[in-house]
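Trainee: I am new to this structure and would like to learn how to read it. Could we look at it together?

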Amino acid sequence: MSKHGSSYWKNFHIAFVTLWQGLKITFGHILRSRKSVKAFDVSSPDYFKGQEGISTLQYPKQAMPVPDVARYRLHNEIDDCIVCDKCAKVCPVDCIEIEPIRAVETFGNTSDGTPKRIHAARFDIDMGKCCFCGLCTTVCPTECLTMTKTFDFSEYDIRDHLYSFGTMSPDEIEEKQKALEAHLANKVTQNPTTQADTKATKPSRPVFRPRVEPPKKKEE
């Protein structure tokens, strides 16, 4: 057999072997795709076998279970929020915007008994900016800020990723602001401050004068 003939059959053998390896994967998938996909619990050792079947689950009627502790869409339970602003300060991408209004007096308690002294005129979370780091949920003292199991919140307009959790109406915001301004003005009238004369109260600083010795008399 010539040199060209041996190289031809060698190339044919390589092509057949590689083709057969690819077909084995395809035929194996066809045999495993004779039934529908089952939804396994995330704690089940067969969780990743949910990828084997005729097709994916009939979403959204069916869905694979997701872990309870994971990083998905943020939610704020505004009734338990004390508007401490820690979440907004720790956020590395500034996706949380808060406008607080200090209350004149305590107006309620959270579910864990923490007194509420600040109104949330605005509490917005822009999930379009969120990097899902989870830092905001870690620093929250009342655990009102959590990450839910909602992961499918895609939108056509990125502006729809802005979620507002403030429940105060414009009239309520104006009312609380006026009440705070009146309270502060009342405190100023009840405790007037007098400006003392700084010249009379501050002692004068001594002036340093170098010692000058008298000139010595010339000896005769």
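Trainee: Leaving aside neighbours within four places in sequence, which residues is Thr-142 in contact with?

Mentor: Keep in mind that this is a predicted model. Contact here means heavy atoms within 4.5 Å. By that rule, Thr-142 touches Asp-80, Cys-81 and Ile-82, and also Thr-110, Asp-112 and Thr-114. Take Asp-80: this residue and Thr-142 are 62 residues apart along the chain, yet their C-alpha atoms are separated by 6.6 Å.

Trainee: Where is Thr-142 found?

Mentor: Look at the loop between helix H3 (135-139) and strand E6 (145-147).

Trainee: Is Thr-142 buried or exposed?

Mentor: Buried means under 20% relative accessible area. Thr-142 has 10%, so the residue counts as buried. In the protein chain, buried residues make up 23% of the 220 residues.

Trainee: What about Ile-30, and where does this residue lie?

Mentor: Ile-30 belongs to helix H1, residues 3-32. Its relative accessibility is 48%, so Ile-30 counts as partly exposed.

Trainee: How many helices and strands does the protein chain have?

Mentor: There are 5 helices and 7 strands. Reading from the N terminus, their order is α-β-α-β-β-β-β-α-β-β-α-α.

Trainee: And what share of the contacts with a separation of 6 or more joins residues 24 or more positions apart?

Mentor: Such pairs account for 65% of those contacts in the protein chain.

How values were computed:
Residues numbered from 1 in each chain as written. Predicted model: local features only at pLDDT ≥ 70, side-chain atom pairs only at ≥ 80, totals over all residues. Heavy atoms only, no water. Helix = DSSP H or I, 4+ residues; strand = E, 2+ residues; numbered from the N terminus. Buried < 20%, exposed > 50% of the residue type's maximum accessible area, 1.4 Å probe, protein only.
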